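Subject: Structure for your review

Dear colleague,

Please find below the structure that I am handing over to you. My findings follow it, and I would be grateful if you could read them alongside the coordinates.

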Amino acid sequence: MQVRGLRTVLGRKTIFDGVDLDIPRGKVTAVMGPSGCGKTTLLRHLTGQRRPDAGSIRIDGMDVTGLSRQALFELRERIGYLFQNSALLTDYDVFENVAFPLRQHLRLPEEIIRNIVLTKLEAVGLRGAAGLMASELSGGMMRRVALARAIIRDPMLILYDEPFVGLDPIALNQVLRLIRTLNDTLGVTSILVAHEFSAVARVADLVYLLAGGKIVAHGPPQALRDDPSPWTRQFFGGEADGPVPFQYPARDYAADLGFAADHPSAPSAAARQAAATTRAAEPRA
Amino acid sequence: MSAQLRRGIVAGIADGLARIGAHGLFLLQILAALPASLRHYRETVRQIWFTGAMSLVIIMTCGLFVGMVLGLQLYYVLSIFGGTAALGTVVSLSLYRELGPVVTALLFAGRAGTSITAEIGLMRATDQLAAMEMMAVDPIAYVAAPRFLAGIVAMPLLACVFNALGIFGAHLVGVSWLGLDNGTFWSNMTSSVDVWTDVINGVWKSVAFGAVVALIAVFQGYTTAPTSEGVAYATTRTVVFSSIVVLAIDFVMTAFLM
């Protein structure tokens with residue numbers, strides 16, 4: 001997969017300003033970055049859910065940005081996508097959720113569907129939960145059911161949107177192990193977006209750091225941890241302020257409070273004097 | 001008239017036309033997806049059960065009470081002119097031609113329409129529709145079209161049940177309670193009600209109302225903002241828009257079908 005010159009503007013905010021990515025086949029690639037930097041938007045671009053304003057995205061030789069809806073659907077049949085909130089169909093039980101893509105696209109005997117679904121559920125450790133409804137599952141179990149659904153048709157590419165959010169240490173380890181095992185045994189290409197570097201470092205072969213609309217660093221996890229650039233130091237060091245500012249962009253603080261003399265809403269000198277006199281005359285509590 | 005008021009009126013009209021246009025485009029999308037949705041016939045049957053069979057209690061109860069009220073009121077009015085023998089005729093014509101389709105449509109919008117909107121809206125908010133797109137399943141064909149079809153099928157059936165219970169209610173009041181002759185009640189009704197001009201025209205109306213209510217409900221759910229407030233507003237809009245459009249279409253259809 002190759003992304004070149006990706007540019008996206010939402011409203012007045014530039015999300016991507018010339019992003020280039022090379023995703024190696026058969027590897028786990030992580031895209032990391034601060035909240036709101038556009039990680040999920042990037043996944044939406046990669047799968048054609050949203051078209052960028054400029055740039056190209058090539059998957060297996062096809063430019064996703066120019067595909068028709070029909071061609072996109074054909075491509076998506078070869079892609080597994082794990083949503084941040086799992087996005088299980090709440091009307092169906094675990095078995096039917098995992099069987100859903102098979103029933104929609106293939107005309108298979110019920111026996112074969114059952115075997116495939118149970119195989120995938122066994123791979124994620126939830127064969128015994130096949131009869132449970134989505135509402136009866138914990139967050140980690142939902143994530144694993146969604147993963148079984150994502151791999152039900154043996155995709156060439158799996159995209160994980162924030163797979164570690166809200167998981168306890170046990171569920172986190174289970175998901176980490178699954179991502180690595182599935183990638184190695186199925187030979188798929190995996191892309192995951194996440195914040196948690198400690199988790200990403202255990203599973204990713206390559207990490208891209210996205211900030212300010214650009215890729216500011218990339219490389220193997222260990223190399224990125226030691227990278228001296230201010231972006232990587234702030235992100236991996238968890239510093240509150242730096243190239244990613246603590247404050248959301250705003251106009252001058254003093255002017256906002258009405259203290260700057262040149263601000264139209266600032267009180268006049270006479271009014272300030274009168275207010276000070278009033279405050280001085282008030283009894284202290 | 002001030003310029004601001006004029007601008008407000010123009011903006012309101014433009015907004016209304018834009019909404020109608022958006023519903024029209026959505027209807028075209030559903031019609032285009034109908035052949036694909038026929039593959040999901042089980043989902044359509046499930047939706048007919050959900051919107052039709054699950055609405056039976058409210059439709060039957062309301063039909064019975066509407067019929068009983070009609071029986072009482074019309075008996076009183078007709079007794080002034082000495083025409084209580086026409087009770088069966090007047091009640092049945094009122095129900096077949098107007099009250100049956102219209103009241104059923106309003107109840108259908110409140111019971112089934114809101115649940116369709118809330119269900120699809122929550123599917124939108126929880127990424128279930130996006131997940132279908134990512135599994136190369138068209139949500140218009142799998143979610144919207146079956147519910148639209150179900151509305152068209154369920155509404156006329158519900159209207160027939162409403163009419164039947166309404167006439168039964170009027171019979172209870174007029175014959176069993178107020179002492180009107182049973183034979184007079186039924187014979188006057190059967191001699192003056194025409195199947196084609198009265199009953200079938202009412203059925204056509206309820207088909208149209210079913211399509212309109214289902215379209216509005218599905219559209220509002222599908223385009224809702226993915227928030228709690230968004231779903232709440234969407235369900236409210238379903239009832240408000242459906243009620244207005246049903247009454248407006250009823251006037252137009254009545255004018256043409258008279």
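A salt bridge is taken here as a side-chain nitrogen of Lys or Arg within 4 Å of a carboxyl oxygen of Asp or Glu. By that rule, four salt bridges are counted between chain B and chain A. Please bear in mind that this is a predicted model. In one of the four salt bridges, A:Arg69 is paired with B:Glu133, and the closest N and O atoms are 3.5 Å apart. The rule for polar contacts finds 10 residue pairs across the interface of chain B and chain A, with both residues at pLDDT 80 or more.

The interface

On the side of chain B that touches chain A, the elements that give two or more residues are helix 2 (41-51), helix 4 (87-125), helix 5 (128-134) and helix 6 (139-177) of chain B. Helix 5 of chain B gives the most to this side, with six residues. By residue type, the side of chain B that touches chain A divides into 10 nonpolar, three polar and seven charged residues.

The contact involves 23 residues from chain A and 20 residues from chain B. Together the two chains bury about 1800 Å², with 54% of that area on carbon and sulfur atoms. Of the area that chain B buries against chain A, 36% is supplied by B:Met134, B:Met135 and B:Ala136, more than by any other three residues.

Aromatic pairs

Over all chains, the count comes to six aromatic pairs. In one of them, the ring centres of A:Tyr81 and A:Phe83 are 4.6 Å apart and the planes stand at 45°, so the pair is classed as tilted. Both A:Tyr81 and A:Phe83 are buried.

B:Phe26 and B:Tyr222 form another tilted pair, with 5.4 Å from centre to centre and 50° between the planes. B:Phe26 belongs to helix 1 (residues 3-37) of chain B and B:Tyr222 to helix 8 (residues 195-222) of chain B, so this pair ties together parts that are 196 residues apart in sequence. B:Phe26 counts as buried because its relative accessibility is 4%, under the 20% limit. B:Tyr222, with a relative accessible area of 13%, is buried as well.

Ring pairs also link residues of both chains: A:Tyr92, A:Phe100 and B:Tyr142 are joined into a cluster.

Helix 9 of chain A

Within helix 9 (residues 230-237) of chain A, the residues A:Thr232, A:Gln234 and A:Phe236 are buried. The buried residues of this helix pack against several elements of chain A, namely strand 3 (28-32), helix 7 (197-203), strand 9 (206-211), strand 10 (214-219) and helix 8 (221-225). After helix 9 of chain A comes A:Gly238, which has a positive phi near 65°.

A buried serine in chain B

Where does B:Ser92 lie, and with which residues is B:Ser92 in contact? B:Ser92 lies in helix 4 of chain B and is buried, with a relative accessible area of 0%. A polar atom of the B:Ser92 side chain lies 2.8 Å from the backbone oxygen of B:Gly88. When neighbours within four places in sequence are left aside, B:Ser92 is in contact with B:Ile167, B:Met189 and B:Val193.

Yours sincerely,

A colleague

Methods:
Residues are numbered from 1 along each chain as its sequence is written. Chains are lettered from A and ligands numbered from 1 in the order in which they are written. This is a predicted model: local features need pLDDT of at least 70, side-chain atom pairs count only at pLDDT 80 or more; totals for chains, interfaces and linings use all residues. Side-chain values use heavy atoms; hydrogens and water are left out. Contact means heavy atoms within 4.5 Å. Buried area is the accessible area (1.4 Å probe) that two parts lose on being put together, summed over both. A polar contact is a pair of N or O atoms within 3.5 Å; within protein, one must be able to donate a hydrogen and the other to accept it, and residues adjacent in sequence count only if both atoms are side-chain atoms. Helices (H or I, at least four residues) and strands (E, at least two) are DSSP runs, numbered from the N terminus. Ala, Val, Leu, Ile, Met, Phe, Trp, Tyr, Cys and Pro count as nonpolar, Asp, Glu, Lys and Arg as charged, and the others, Gly among them, as polar. Rings of Phe, Tyr and Trp (its six-membered ring) pair if their centres lie within 6.5 Å; planes under 30 degrees apart count as stacked, over 60 as edge-to-face and the rest as tilted. Buried means under 20% relative accessible area, exposed over 50%, partly exposed in between (1.4 Å probe, protein chains only).
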